[in-house]
Amino acid sequence: SSSSSATASKGRGRGRGRGGKAAKQKAAKQGSVAIQEAHSYSESEVMAALRVVGSQMKERAAKLTPSKQKKKSAADLGMEGALEVAELPPTEVMESIERLVIAATEKILGGGPFTLSVPSRASSNQVYVEELDRIVLKDARSERSFVNVNHVRKMAITTRVMQLVHEVLSKGIHVTKRDMFYTDVKLFTKQDESDAVLDDVACMVGCTRSCLNVVASEKGLVVGRLRYLEAGDAIDCARVGVGGKGIPPFVDKITDIESDADFILLVEKDAVFMRLAEDRFYNTYKCIIITGKGQPDVATRMFLRKLKTTLNIPVLAFVDADPHGLKILSVYSSGSKNMSYDSYSLTTSDVQWLGLRPSDFDRYGLPEQCLLPMSERDLKTAQDLLKEDFITKNPEWVKELELMIKLKVKAEIQALSSFGFQFVTEVYLPRKIQAGDWI
């Protein structure tokens, strides 16, 4: 639109103080050319090119993760000393809890102390496995003893959580983590403590956390060209309004997934998700749009993996151009250290970084006022990320991160709104998709 172009020209006219006059003029020219080229595409040209790009994306995905190929586990690689949990039916989870309690009881009756052996989830007990492209928990364990004054409270919380999980499973119901916390507020004190022990119990039992039937409240959203059954109810994500459909915590109840989408657009922020949903971006570019509203919850990560595995289409990530955005992207693709024991069911391989990237700053001529200085904490986080194997495996990601550190500036996705509120849906994303510009 004319107002968008005027805003963009005004923004590009301001220098950013990162070089001489010639450098600023070059950046402004590059931004102007990028915007003019994007606006020069007719709808038919964009749609024709998109069909070609969509086909190429599917071929690329097929080469990276061939359909019907089973996702590898540590056991498949013959890897010793790794702990990976599995999906278990409720009866097996209850039996495992019962065996743990019986073993502890027998030890007490034999004159021994009340102890529990718990897998260690410390950073030192985790390793990134390149062949699996995710973080895996190793097999180190720690022993909690009721006779150790430092362990008494943690032991009490652990046995209480085991009791509550067994009760929930025996009734065949699901409860939220908040529900569990309020069953014994005096003991748990803070929800963080009962939440952490839930992960410990899942590790001890050898099941995914979702198998405990204790879930987080609904957080993630989905909209676009996707249909499925949720506990038998038909859901059409193209007909759920501009607010999107909440991703249910019971991902195991989602079946009969159907879609004609060419790709999945994974968005960091719900504000950007709302812009895409309101503009019906998925109708112009056949896609499914998902957001975890920042740091993703377990349900959103499981939902994304389920879609990728079922549909075998590429996943393109649209995050802030800052260390936090890249960390969020990495959680989806390689897993989080907090839940490394469950990385098999929570990670989605081959997530591509579409934007926003530091190299876009000059390419699109982002105004100076939209580039935020990186704090010392930001710089340290970025430098720490450069030491992580799940980052260094992708040389293009490393280049972008190094450029961010060199410039010492970051930008949120909303910085693109300086060119117009619909610049993201009408110019930036169409141009990115048209050019296949993801890494």
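User: What makes residues 64–69 a stretch to treat with care in this predicted model?

Analyst: Across residues 64–69 pLDDT stays under 50, and the model gives them nine contacts beyond four places in sequence. Where pLDDT is low, predicted coordinates should not be read in detail. Residues 1–34 also stay under 50, with 44 such contacts.

User: And where is confidence lowest and highest in the chain?

Analyst: Helix H1 (residues 2–12) is lowest with a mean of 37, and strand S14 (residues 287–291) is highest at 97. The chain mean is 84.

User: Why is the pair of Phe181 and Tyr182 called edge-to-face?

Analyst: Happy to walk through that one! Their centres lie 5.1 Å apart, and the cut-off for a pair is 6.5 Å.

User: How do you know whether Phe181 is buried or exposed?

Analyst: Buried means under 20% relative accessible area; Phe181 has 6%, so it counts as buried. For Tyr182 the value is 52%, so Tyr182 counts as exposed, the cut-off being over 50%.

User: Why is Arg305 said to sit over the ring of Tyr344?

Analyst: The charged end of Arg305 is 5.2 Å from the ring centre of Tyr344 and sits over that ring; the distance cut-off is 6 Å.

Terms used: Residues numbered from 1 in each chain as written. Predicted model: local features only at pLDDT ≥ 70, side-chain atom pairs only at ≥ 80, totals over all residues. Heavy atoms only, no water. pLDDT = per-residue confidence, 0-100. Helix = DSSP H or I, 4+ residues; strand = E, 2+ residues; numbered from the N terminus. Contact = heavy atoms within 4.5 Å. Phe/Tyr/Trp six-rings, centres within 6.5 Å; stacked < 30°, edge-to-face > 60°. Buried < 20%, exposed > 50% of the residue type's maximum accessible area, 1.4 Å probe, protein only. Lys NZ or Arg CZ within 6 Å of the ring centre and 35° of its normal.
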